[in-house]
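User: I'd like to learn how to read a model like this one, feature by feature. Can you walk me through it?

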Amino acid sequence: MSPRTLLSAGGGLAVLALSVAVAVTIGPADISTAEVWASVAAHLGGGESPLAPLRDGIVWNLRMPRTLLAAVCGAGLALCGAVMQSLLRNPLADPFVLGVSSGASTGAVTVVVLGVGGGAVSLSAGAFAGALVSFALVLLLSHSLGGGMDRVVLSGVAAMQLFSALTSFIVLTSADAETTKGVLFWLLGSLAGADWGQVLLCAVSLAAVLVVCLARAATLDAFAFGEEAAAGLGVHVARARLLLLCATALLTAVLVGCAGAIGFVGLVLPHATRALTGSGHARLLPVTALAGAVFLVWVDTLARTVVDPQEVPVGVVTSLIGVPAFIAVLYRGRRKA
């Protein structure tokens, strides 16, 4: 990485660490930043926390995993959005363009409403399985239609509509009112059930996909000129496309399985950071990931406190913030054009 990229990444990490530390203090229980650091240091160092057990539990078992999961999900969705927009050469592409979100929703309601798995399969596992089935269908359909990127997008739209219809059918015919409310809350995006296992799973998946995408940064730069131009620059188009599609789809499946469908993060953040960093992916991807992490940390903090003691699904808040932000980005692009 260039010194400029390292400086941007270092500044972003500092802002993210500060955001996490402050966000954990916000809530009904009045907890200071010093107490947060003391609790984290005690758990990471293997010592005994100086906080009372109840307050330590609030920090370490409730707020910290939720805030970190928000950061990881925000980073992952923003990263996938940036990759998909470059790969598809479509400024409206987002991580859910391949139908992964709809498939995850179907898998989740199949487990929760129909009881598939007999209680041995969790909602997150069902959502992940549904996302994989949806993505496999998209790959199979697009390959049978010729394999071009336009065919991939159209196959994703078809899968999205199919699994959305299946989800609605299952909920309307099999769910009671209470189950329907719980499923709807999850479908709109929720980090309420975050735990350390989910944080670790999502963080490892994010790190792996980020490494893959950074290694293919030059390939993504070439795709910006079109597939023919990329091939002329020595890129193995079909292989690179399949690798990046699989990497982003699998990461999206993991994130949706843990947090539900959180919209607009992968659509808006890449545009905002691209205006600051330029289109070079070696710098764009890490900065976009950090911006997404900071953004979702504060959005989730707002979602769980704005109508306390009730909680607003985080996907609702991202949409309320994302729509005007996206309109502003579009107007800024129009003025530059």
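**Reading burial, contacts and pockets**

Analyst: Let's begin with burial: threonine 219 counts as buried because its relative accessibility is 10%, and the cut-off for buried is under 20%. Keep in mind as we go that this is a predicted model.

User: Where does threonine 219 sit, and what does it touch?

Analyst: Threonine 219 belongs to helix H9, which covers residues 217-223. Once you skip residues up to four places away in sequence, its contacts are Val235 and Ala240.

User: Is alanine 230 buried or exposed?

Analyst: Alanine 230 has 0% relative accessibility, so it counts as buried. You'll find alanine 230 in helix H10, residues 227-232. Beyond residues up to four places away in sequence, alanine 230 touches Ala222, Phe223, Val235 and Val237. Val235 is also on the contact list of threonine 219.

User: What about a charged residue? Is aspartate 300 buried or exposed?

Analyst: Aspartate 300 is buried, because its relative accessible area is 1% and buried means under 20%. Aspartate 300 is part of helix H13. Setting aside neighbours within four places in sequence, aspartate 300 contacts Arg66, Ala70, Leu191 and Val314.

User: Now the other end of the scale. Why does leucine 54 count as exposed?

Analyst: Exposed takes over 50% relative accessible area, and leucine 54 has 66% relative accessibility, so it counts as exposed. Leucine 54 is in helix H3.

User: And what falls in between?

Analyst: Two cases here. Alanine 38, in helix H2, counts as partly exposed because its relative accessibility is 24%. Phenylalanine 264 likewise counts as partly exposed, at 24% relative accessibility.

User: How do I compare distance along the chain with distance in space?

Analyst: Alanine 38 and serine 49 are 11 residues apart in sequence, with their C-alpha atoms 6.9 Å apart. Not counting residues up to four places away, alanine 38 touches Pro50 and Leu51. Then take leucine 54 and phenylalanine 128: 74 residues apart in sequence, and 33 Å from C-alpha to C-alpha. For alanine 230 and leucine 145, the figures are 85 residues along the chain and 22 Å between C-alpha atoms.

User: What does leucine 16 contact?

Analyst: Apart from neighbours within four places in sequence, leucine 16 is in contact with Ala71, Leu290, Ala293, Val294 and Val297.

User: How should I read the largest pocket, and what lines it?

Analyst: The largest pocket holds about 490 Å³ of space. Its lining has 23 residues, and Leu13, Leu16, Ala71, Leu290 and Ala293 lie nearest its centre. By class, that lining has 23 nonpolar residues, no polar ones and no charged ones.

User: Which helices supply the lining?

Analyst: At least two lining residues each come from H1 (3-25), H2 (33-45), H3 (53-88), H8 (196-215) and H13 (281-305). H1 gives the largest share, six residues.

User: Finally, how do I set a database annotation against the model?

Analyst: An unreviewed UniProt entry gives "transmembrane region" for several spans, among them 68-88 and 152-172. In the model, residues 68-88 are 100% helix and 0% strand, with the end C-alpha atoms 30 Å apart. Residues 152-172 are also 100% helix and 0% strand, and their end C-alpha atoms lie 30 Å apart.

How values were computed. Residues numbered from 1 in each chain as written. Predicted model: local features only at pLDDT ≥ 70, side-chain atom pairs only at ≥ 80, totals over all residues. Heavy atoms only, no water. 1 Å grid on protein atoms, 1.4 Å probe; cavity = no way out; pocket = protein on both sides within 12 Å on 5 of 7 lines; lining within 4 Å. Points joined across faces, edges and corners; volume = space filled by probe spheres on them. Helix = DSSP H or I, 4+ residues; strand = E, 2+ residues; numbered from the N terminus. Nonpolar A, V, L, I, M, F, W, Y, C, P; charged D, E, K, R; others polar. Buried < 20%, exposed > 50% of the residue type's maximum accessible area, 1.4 Å probe, protein only. Contact = heavy atoms within 4.5 Å. UniProt positions renumbered as here; feature names shortened; annotations may be inferred.
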